[in-house]
Amino acid sequence: MHSLRQLLIEAFVSAGRVDNITMVMGLHPQYLSSFWKTQYLLLRMDGPLPYHKRHYIAIMAAARHQCSYLVGLHMEEFLRVGGNPAWLQGLHYAPQKLRNLNEINKLLAHRPWLITKEHIEALLKTGENSWSLAELVQALVLLTHYHSLASFVFGCGINPEEDQDGGHGCWPPSPHSDSSPASDDSMGGSGGKDAMQEVEVLMERMKLLQESQLEEEGVTQEEMATRFELEKTESLLVTPSDIADHSLQSNVLCFVEDPEFSYKDFTRRGEQAPPTFHAQDYTWEDHGYSLINRLYPDVGQLLDEKFQVVYNLTYNTIAMHCGVDTSMLRRAIWNYVHCVFGIRYDDYDYGEVNQLLERSLKVYIKTVACYPEKTTKRMYTQFWRHFKHSEKVHINLLLLEARMQAALLYALRAVTRYMT
C-alpha cells in the first residue's frame, strides 16, 4: 500500500503540481492510488486515441456540467501535449469526428437510459469520420470518468488552483484537520445537539435493520418491486431548495451544444421516471467488465479495482463511533444513486434507503449525482452534521463511482446490443 506521501510525490512528478482533487482524495489514500492509476492510464498510456484528443474529450465532458475547474485543467494539458489551440475556441472549431461525440456526451451526462445501439452505430458508421470500436470505448470511459469527476469537484466544493483563473482551495479544510463540518461552523447550541441525535438515530436504524434481516422471512417480490418504484418516483421530488447559480462562463459554454438539456426534464413524453434497468440483465461483473477488457484491456481491470475499493472502503467508524459495520449504509448510498438513474437490484430492499438516508442526504446525493453544478456549500454542511470531512468525502467517492458505473452500464449495454 502506497503511503500518501509517496502518492503525492508521484502526482507532483507527473503533473508538476499536486492539484486540489488529489489533495482532497488524499483523505483516502487507498482510493486515491486506484483512481490515480486509472486516470494515468486513460490520459498518458498507450491507447487507441491520440493524447490531445483524450484531453479534448475530457473538456467536452466537464463542460456539460459547467465544471470550469476541469475544463481549465484540460485546456492546459491539451496545449501541453501539442493540441491545436484553435480547437479551444469551441466545439465548432474541432474536427467533425470529435463533434460527432456531442450527442452521446449529452445523454451520458444527463440521461444515460436514452442511449441506444443506434447511437453507437451512428458513430461507428460515419464514413471518413467514423470511430473504431476501440476508440469509441476509450471515449465512453473518458466521458463517464469526467462527468463523474465533475460530480466530485462540485460535491466537495473544489475550486481552481492558486495559479488557475479564480483559484483558491476547497471546502474541506486541509487533510490534516479532520474535524466535523458542524464544529467548523460554530453551529450554536441546539444545532450541535440535533446533529448528535442524527448520528444516534442512524446507528439505531442500522441496528434494527440488521436484526430484522436476521428474523424476517423476506419481503415478497411484489413488495420489493413496489418499494423500488416508490423510491424512484419519490426521487423525482427530491430537489434542492437552494440552487447554486452558475451563470455559464464563456470559456465553458463554447464547448456545449444544447445547454438546456439536463437530467430533470425526462417527463416530456409523459413517462414519470427513467425506465427500469434490471441490474441482473446486464451487470458490471458479468457483462460490462468483460466487454471493456476485450476492447481496452488494462482499463477494465483498473475500473473494476476502483469500484471494489470504494464500495468496500471502510474504517468501521461513524462520526464518533468505532467498530461499526457500515456496509449496509454504503450499499444504500450506492443503490440510491443507481435508483435515481433507473437501475434496480431485484434482491435489494429499497425500504432500507428510506430508513438510512434522511432527506437532506438524499437531496445532496441526487444533486451531486445528477446536476452537480447546482450543489451549494449549504447542502454539504446540512447533511450528517456531526460526521467528519473525510466521511463526507468518502460519500462523494461512492457517488462518483456509482454514477460512473451506472452510465457505463447503459453505454456498454448499447455497445453489446450493437455487436450482437
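At what angle do helix H7 and helix H9 pack, and how far apart are their axes? Hi everyone, let's start there. This is a predicted model, and in it H7, residues 102–110, packs against H9, residues 133–155, at an angle of about 40°, with the axes 10 Å apart.

Who does the touching? From H7 we have Ile-104, Asn-105, Leu-108 and Ala-109, and they meet Leu-140, Leu-143, Thr-144 and His-147 in H9. Sorted by class, that contact has five nonpolar residues, three polar ones and no charged ones.

Now let's zoom out. The protein has 20 helices and four strands. It has 420 residues, and 55% of them are buried. Take the contacts between residues at least 6 apart in sequence: 77% of those join residues at least 24 apart. The accessible surface is about 17,400 Å², and carbon and sulfur atoms account for 52% of that.

Last topic, for those of you who like backbone torsions. Most residues other than glycine have a negative phi. Ala-319 has a positive one, about 50°. You'll find Ala-319 in the loop between strand S2 (317–318) and strand S3 (321–322), and it is buried, at 6% relative accessible area.

Trp-384 also has a positive phi, near 45°. This tryptophan, Trp-384, sits in the loop between helix H19 (377–382) and helix H20 (389–419). Is Trp-384 buried or exposed? At 7% relative accessibility, Trp-384 counts as buried. Thanks, everyone!

Methods: Residues are numbered from 1 along each chain as its sequence is written. This is a predicted model: local features need pLDDT of at least 70, side-chain atom pairs count only at pLDDT 80 or more; totals for chains, interfaces and linings use all residues. Side-chain values use heavy atoms; hydrogens and water are left out. Axes are lines fitted to C-alpha atoms, for helices over the stretch in contact, and angles run from 0 to 180 degrees between N-to-C directions. Helices (H or I, at least four residues) and strands (E, at least two) are DSSP runs, numbered from the N terminus. Contact means heavy atoms within 4.5 Å. Ala, Val, Leu, Ile, Met, Phe, Trp, Tyr, Cys and Pro count as nonpolar, Asp, Glu, Lys and Arg as charged, and the others, Gly among them, as polar. Buried means under 20% relative accessible area, exposed over 50%, partly exposed in between (1.4 Å probe, protein chains only). Accessible areas come from the Shrake-Rupley method with a 1.4 Å probe; for residues, only the protein chains shown count as cover.
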